[in-house]
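Reader: Could we go through this structure together, beginning with the contacts between chains?

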There are 2 protein chains.
Amino acid sequence: MAAQPRWFQALTKALSLPENKGKTIYQLATVDSHNIPHVRSVGHRDFLIPKTYPAVPVLLATTDVRAAKVTQSLSNSVAELAWWLEGSQDQFRIAGKVTIIPAPSHPFHTMNAIPKGSAIHFLDEGGDKDHPGKYDWEKKRREVYDSMSPYLKASWTRPPPGSAINSYDDAKAWPQKLPKLGEAESEEDKRNAEIAFGNFALVLIEPHEIDWIQLGIFPHQRTRFTRLTNEGNGDEWKEEIQVP
Amino acid sequence: MAAQPRWFQALTKALSLPENKGKTIYQLATVDSHNIPHVRSVGHRDFLIPKTYPAVPVLLATTDVRAAKVTQSLSNSVAELAWWLEGSQDQFRIAGKVTIIPAPSHPFHTMNAIPKGSAIHFLDEGGDKDHPGKYDWEKKRREVYDSMSPYLKASWTRPPPGSAINSYDDAKAWPQKLPKLGEAESEEDKRNAEIAFGNFALVLIEPHEIDWIQLGIFPHQRTRFTRLTNEGNGDEWKEEIQVP
């Protein structure tokens, strides 16, 4: 079985340095259907490491399913993120394919659209390359939702992000906090929890190219890792030293 | 004459806060000719404010003219940057048109390609909307180059960024520092200065849409500013309050 790739070891090591503490925000770029680029800050939530496919760690983020990045990544699933670790002066640029996991009842629930061979199929303990297991995405979505702050939970009850309102004060009428699922007591909280959890979606990014620049050492170093996509080689990475 | 737009006042105010000190890095997203998004960290160098067009401040960055972002922005000049000001929890997403200003002898020297009506034409003190002046870009390019660190100056003598090398040690054979133009003493430094300055280019970003999210206040606030492009309205901005 392939080990975790070197870029991932470098990234997790950099993230563990005291000088990079709290650097869990990266900038995710997508293109819209008119081929216009868009980029926004996104919070890193976790790495998901397929049990039978550890060579392709998947990045986990979260979103409101009504956000523009969702429709953008449905129309063009290739995205790139830049993770600038200011403390150690490392930059990881990660290109990958985005998969959105919304509520099962949502029209964007396109689990079947995950391509054959994608590492995402192998997150289940029971699966292997030839017989992918059935990962319980709804359980995962619930677990991640529950781990979000009460303020973030409430944010998914708002009108669609980016829609116009008359005044900043309109926001004061929206719910400000929501408890975990199952901990809502009032009827209002229960109703709002249903709305919020319905709008909450997971964002999975399956990397295929990583550009690591180390500006904290002199001379600077740059290394590019490219996932080999030939049949049977999907868990191997080509490594190239490059001019920074 | 129109004043500086409110988004620019907000951005410069946020940048002046002690908690945002040193936050001069943003992430710039472009698309390549295959409509694949790319994003990387870029250092903010300055704002250029057209004397007769103060409503459209232009962002100034720098690059190696051989970098991929240059060919990407020549094939599709619309870019977006995300400027995350962690201290105050403000995010400015700025969409704009990119213009590259390389050495006059460089094939990408396409000053004439700046569209009629672009704010960039009005940086010259003598220009006005109907009679743009002649901004001395070569003087500006030289001035910005001279303000870069000796290490950065030397970086533009390297082989093309992103090209393969055999070993990290190859970098040790490259020049590590270069003085200002005109201050090179050895023949070698003079030769290298010519190469470096020849590869050095300015990056201008002329904004047309700004999405400002304030996550440091509760409830969060979001405001979108769109430049009006109707004839004669190019220096006015529409402001819309939005759901964060």
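Author: A salt bridge here is a side-chain nitrogen of Lys or Arg within 4 Å of a carboxyl oxygen of Asp or Glu. Please note that the model is predicted.

Reader: How many salt bridges does the rule find across the interface of chain A and chain B?

Author: The rule finds two across that interface. In a salt bridge, the side chains of Glu86(B) and Lys23(A) meet at 2.5 Å, N to O.

Reader: What area do the two chains bury between them?

Author: Chain A and chain B bury about 4,300 Å², with 60% of it on carbon and sulfur atoms. Of the area that chain A buries against chain B, Tyr168(A), Ile241(A) and Val243(A) supply 18%, more than any other three residues.

Reader: Turning to β6(A), why is it described as largely enclosed?

Author: Strand β6(A) is largely enclosed by the rest of the structure because 11 of its 12 residues are buried.

Reader: Which strands pair with it, and in what sense?

Author: β5(A) pairs with β6(A) in the antiparallel sense over eight bridges, and β7(A) pairs with β6(A), also antiparallel, over 12 bridges. Leu85(A) has Asp90(A) as its bridge partner in β6(A), while Thr99(A) is partnered by Leu204(A) in β7(A).

Reader: What lies between β5(A) and β6(A)?

Author: Four residues separate these two strands of a hairpin, and Gln89(A) in the turn has a positive phi of about 60 degrees.

Definitions and conventions
Residues are numbered from 1 along each chain as its sequence is written. Chains are lettered from A and ligands numbered from 1 in the order in which they are written. This is a predicted model: local features need pLDDT of at least 70, side-chain atom pairs count only at pLDDT 80 or more; totals for chains, interfaces and linings use all residues. Side-chain values use heavy atoms; hydrogens and water are left out. Buried means under 20% relative accessible area, exposed over 50%, partly exposed in between (1.4 Å probe, protein chains only). Two strands pair if DSSP finds at least two bridges between them. Buried area is the accessible area (1.4 Å probe) that two parts lose on being put together, summed over both.
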